[in-house]
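Here's a quick briefing to read alongside the model. Have the sequence and the structure open as you go.

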Amino acid sequence: MKIKSADFVISNSDVSKCPNELLPEYAFIGRSNVGKSSLINMLMERKNLAKTSGRPGKTQLINHFKVNGNWFLVDLPGYGYARVSKKAKKTFQKYITNYFEQRQQLVCSFVLVDVRHEPQKIDMEFMEWMGENGIPFCIIFTKADKLKPKAIERNVSAYLHTLLEGVWQEAPQHFITSSTKNTGRDELLNFIEGITEQFFNDQKK
Ligand code: GTP
Ligand code: MG
């Protein structure tokens, strides 16, 4: 898929104020600093469309971007950021869970995990919660430029293996990406294109 346009639409902490156009939507979620905003910029071929930072906690709201006039991409704040107050964390968790539970046009979410790290409890719990609530998602391994191919292969298969030892009977679809090297860009965009076409075909029925 070619990216012809990518425009910021609105930032929100209230799911009821998110755009109400019925377009297929894709959300990026994961721990703070895992590379959600960077991946969005890489996919859109834009340096600063989504705000990034070396310090965790950069993205604080639900950010909608409209792509090619017919789908939405959503940049979310990271979970598991320790340096915010308990109260802030609760408020934040609430609007994120509201978003996932209520957003009907959300066709697929991407849970990002750093390819260098072993499975983390917070990610496992989040994926379990997604599964229990019937929210479809894929896993995106980020920062692949930081490891050699052999190590990537080893980590990814160990990660998927851990998932299968847990509550999952089937591993979710996964992608391996690097925002600095553009790795995984075509695969992800093709995947999104396929689901988007399906969404519009289903609408016609
Ligand atoms: P929050 O908004 O705080 O939740 O973080 P985020 O998940 O949006 O992460 P962000 O994209 O801001 O990136 C965090 C840091 O990781 C930045 O310093 C990025 O430059 C770096 N980073 C992100 N993706 C990659 C990647 O693929 N490779 C490398 N080497 N660094 C990356
Ligand atoms: Mg961010």
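Thr177 touches Leu39, Ile140, Phe141, Thr142, Lys143, Ala144, Thr183, Gly184 and Leu188, leaving aside residues up to four places away in sequence; contact here means heavy atoms within 4.5 Å. This is a predicted model, where local features need pLDDT of at least 70, side-chain atom pairs count only at pLDDT 80 or more, and totals for chains, interfaces and linings use all residues. Side-chain values use heavy atoms, with hydrogens and water left out, residues are numbered from 1 along each chain as its sequence is written, and chains are lettered from A and ligands numbered from 1 in the order in which they are written.

**Around Thr177**
- Thr177 sits in the loop between β7 (174-176) and α5 (185-204); helices (H or I, at least four residues) and strands (E, at least two) are DSSP runs, numbered from the N terminus.
- Thr177 is buried at 1% relative accessibility (buried means under 20% relative accessible area, exposed over 50%, partly exposed in between, with a 1.4 Å probe and protein chains only).

- Ser37 belongs to helix α1 (residues 36-44) and Thr59 to the loop between α1 and β3 (62-67), 22 residues apart.
- Ser37 is buried at 7%, and Thr59 is buried at 13%.

**Sheet**
- Seven strands form an open, mixed sheet in the order β1-β3-β4-β2-β5-β6-β7; strands pair if DSSP finds at least two bridges between them.
- β1 (6-12) and β7 are the edges, each with a single partner strand.
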